[in-house]
Amino acid sequence: PRSTPSNSSAASDVYKRQLYALSLENGKRSWEFKTNGYIRGDVVFSDRVVYVASMDGNLYALHDLAQETRQAQQAWPMPYATGTSITKGPVVLAGTVYVVNDSRECHAVSIHSGRRQWMVKDVDEVLARGKLNTYLARGGRYVLAVDNTTGDVHWILDTGNKGVARFLRNPTDGIIYLMRPDGTAYAVREREPERVPKPVEKKAAGPEAAKAS
């Protein structure tokens, strides 16, 4: 968002709701976009699409066009509504954009359609995504393993009474990094379920086998 002018409180309010794209070559404005609420969190750029969350409760996906269009074009038919204000920036991992609203609800939204895949309550931030699960932080102490497809909570890791001083987000793989208050660091890796080999079925002896015996 653009810096706040000092000569007008009305203009200040407007600029906090605006997002501007500036050319890397000359710094000129390529396009702009206005939301109905303040923009507090970071803006995320992924695969030529800009994702921005607003305190109006919506998550927006905007095309990053090279030409000067003045007004941004939305990538989804409608912005995704979470139902309450959002002050944290979204997170994009493996074809899904995650956003946590101020009611501590984590919404997983398809980057292609802008539709919800699942929603989990009582969550503070998104940590990582593995082959099986998405990992979410709860209350500075717990880590939730949530199924990537269904949103079902498979397990909850309790880090102990001392809690976690800081969770480190890992967009590369499914490893979870934790920093404890005593200065120790932990790396928790996703474990895939063991595959049990199928038993070999024995064919029943036929008439010919009975005669041979």
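Which residue lies over the face of Tyr38? Select Tyr38 and look above its ring. Lys16 is there, 5.5 Å from the ring centre. Keep in mind that this is a predicted model.

**Next stop: aromatic pairs**

The count of aromatic pairs comes to four. Visit two of them.

Select Phe33 and Tyr60. Their ring centres are 5.1 Å apart. The planes meet at 65 degrees, and over 60 counts as edge-to-face, so this pair is edge-to-face. Now colour the strands. Phe33 belongs to strand E2 (residues 29-34), while Tyr60 belongs to strand E5 (residues 58-63).

Move on to Tyr135 and Trp155. Here the ring centres lie 5.8 Å apart, and the planes are at 40 degrees, so the pair is tilted. Tyr135 sits in strand E13 (residues 133-138) and Trp155 in strand E15 (residues 153-158). The pair therefore ties together parts that are 20 residues apart in sequence. Buried or exposed? Tyr135 is buried, at 1% relative accessible area. Trp155 is partly exposed, at 35%.

**Last stop: two loops**

Most residues other than glycine have a negative phi. Now select Arg104. Its phi is positive, about 65 degrees, although Arg104 is not a glycine. Find Arg104 in the loop between strand E9 (96-100) and strand E10 (106-110). Arg104 is partly exposed, with a relative accessible area of 29%.

Finish at Asp122. Asp122 is not a glycine, yet has a positive phi of about 60 degrees. Look in the loop between strand E11 (116-120) and strand E12 (125-129). Asp122 is partly exposed, at 33% relative accessibility.

Notes
Residues are numbered from 1 along each chain as its sequence is written. This is a predicted model: local features need pLDDT of at least 70, side-chain atom pairs count only at pLDDT 80 or more; totals for chains, interfaces and linings use all residues. Side-chain values use heavy atoms; hydrogens and water are left out. Helices (H or I, at least four residues) and strands (E, at least two) are DSSP runs, numbered from the N terminus. Buried means under 20% relative accessible area, exposed over 50%, partly exposed in between (1.4 Å probe, protein chains only). Rings of Phe, Tyr and Trp (its six-membered ring) pair if their centres lie within 6.5 Å; planes under 30 degrees apart count as stacked, over 60 as edge-to-face and the rest as tilted. A charge sits over a ring if NZ of Lys or CZ of Arg is within 6 Å of the ring centre and within 35 degrees of the ring normal.
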